[in-house]
Amino acid sequence: MTETAPPPFPVQHAGAHDDPPTIPLPPVPGTAPEPGRALSGLETRDVTAWFGQRKVLERVSFAMRAGEITALIGPSGCGKSTYLRILNRMHEMVRGAALAGEVLLEGEDVYAPGRRPAEVRRRIGMVFQRPNPFPAMSLYDNVVSGLKLAGIKATREERDHLVESSLRQAGLWNEVSNRLGTPGGALSGGQQQRLCIARSLAVAPEILLMDEPCSALDPTSTRRIEETIAELRHRVTIVIVTHNMQQAQRVSQSCAFFLASHDTPGRIVESGPTERLFTDPADQRTADYVNGRFG
């Protein structure tokens with residue numbers, strides 16, 4: 001029997017009675033988690049995804065452990081980026097998209113009825129492949145823009161604190177602290193990407209998703225972003241899509257290898273500790289991919 005796509009996502013609206021969320025103020029400048037705040041994990045169970053009638057992922061079950069950097073690897077078109085966008089409900093923003101299965105944040109399904117997509121996306125932040133700061137907006141306003149989008153109220157003192165803390169966590173404070181009024185578009189590509197990371201961190205996400213964050217950057221900027229990612233591991237659980245096998249080895253503790261073919265949707269071939277997948281994989285297809293023999 002052919003499995004057909006479920007109906008596309010319904011449009012959900014936040015109720016007018018919803019109270020604005022509050023966020024903890026992170027310390028300046030530390031990289032340890034806030035006192036009393038445990039790091040969160042993320043898990044998918046039997047996730048299947050469609051664009052219209054085309055199935056792009058099939059029954060993906062995978063756990064991303066709290067406090068780790070998880071790398072998603074695989075050739076282009078195997079569903080890695082789609083999977084990443086499913087994790088914070090961006091998949092449903094595509095016309096005709098549909099989904100089956102569960103995405104569990106600390107055991108609760110983020111697609112459960114009544115869950116507000118905006119709140120899910122605050123808790124599970126996203127950094128995109130190409131830096132996307134607001135080019136005419138100041139660095140300061142870029143960082144705090146996430147508060148307004150999330151409906152979070154903060155005093156000027158709290159905003160000042162968040163800007164410094166977020167920029168420090170993103171490894172950018174020392175480079176821009178004396179020019180916070182500069183437009184975001186005036187920064188280099190690598191600085192713009194770190195500004196986008198700071199913007200995501202300002203709303204205190206529990207999970208940070210990164211979709212090939214270094215693909216458009218030079219080697220020096222890539223190294224700085226990787227250093228930032230490694231430092232952030234102590235504050236937030238990170239899931240990163242990358243086509244750079246050396247990067248996956250350098251930054252991640254666990255790894256999942258996705259694969260698809262012209263007639264089958266994407267799925268995970270193998271997952272586990274990064275070192276094992278790269279040195280002693282259980283599946284020959286994984287060994288071929290990580291050693292550059294296809295893809």
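Mentor: Before we look at numbers, a residue counts as buried under 20% relative accessible area, as exposed over 50%, and as partly exposed in between, with a 1.4 Å probe and protein chains only. This is a predicted model, in which local features need pLDDT of at least 70 and side-chain atom pairs count only at pLDDT 80 or more, while totals for chains, interfaces and linings use all residues. Residues are numbered from 1 along each chain as its sequence is written, and side-chain values use heavy atoms, with hydrogens and water left out.

Trainee: OK, how many residues of the chain count as buried, as a percentage?

Mentor: Of its 295 residues, 52% count as buried. The accessible surface, taken from the Shrake-Rupley method with a 1.4 Å probe, comes to about 13800 Å², and 50% of that belongs to carbon and sulfur atoms.

Trainee: And how many helices and strands are there?

Mentor: The chain has 10 helices and 10 strands, where helices (H or I, at least four residues) and strands (E, at least two) are DSSP runs numbered from the N terminus.

Trainee: Which strands does S1 pair with?

Mentor: Pairing requires that DSSP finds at least two bridges between two strands. Strand S1 (residues 42-51) runs antiparallel to strand S4 (residues 97-105), with 8 bridges joining them, and Leu 42 has Leu 105 as its bridge partner in S4. S1 is also antiparallel to strand S2 (residues 54-64), through 7 bridges, and there Phe 51 is partnered by Arg 54.

Trainee: What's in the turn between S1 and S2?

Mentor: The two strands form a hairpin with 2 residues between them, and Gly 52 in that turn has a positive phi of about 65°. Another hairpin is made by S4 and S5, again with 2 residues between the strands, and in it Glu 106 takes a positive phi near 50°.

Trainee: Switching to the core, which residues touch the most other members?

Mentor: A nonpolar core here is a set of buried Ala, Val, Leu, Ile, Met, Phe, Trp, Tyr and Cys residues joined through side-chain atoms within 4.5 Å. In the largest one, with 47 residues, those touching the most other members are Ile 73, Leu 167, Ile 197, Leu 208, Met 210, Ile 238 and Phe 278. Helix H3 (residues 139-149) gives the largest share of this core, 5 residues. A second, separate core of 29 residues includes Val 56, Tyr 83, Tyr 111 and Ala 256.

Trainee: Last one: where is Ser 252 found?

Mentor: Ser 252 is in the loop between helix H8 (245-251) and strand S9 (254-261), and at 8% relative accessibility Ser 252 counts as buried. A polar atom of the Ser 252 side chain lies 2.6 Å from the backbone oxygen of Ala 248, and the side chains of Ser 252 and Thr 274 make a polar contact of 2.8 Å.

Conventions
Polar contact = N/O pair within 3.5 Å; in protein donor to acceptor, adjacent residues only side chain to side chain.
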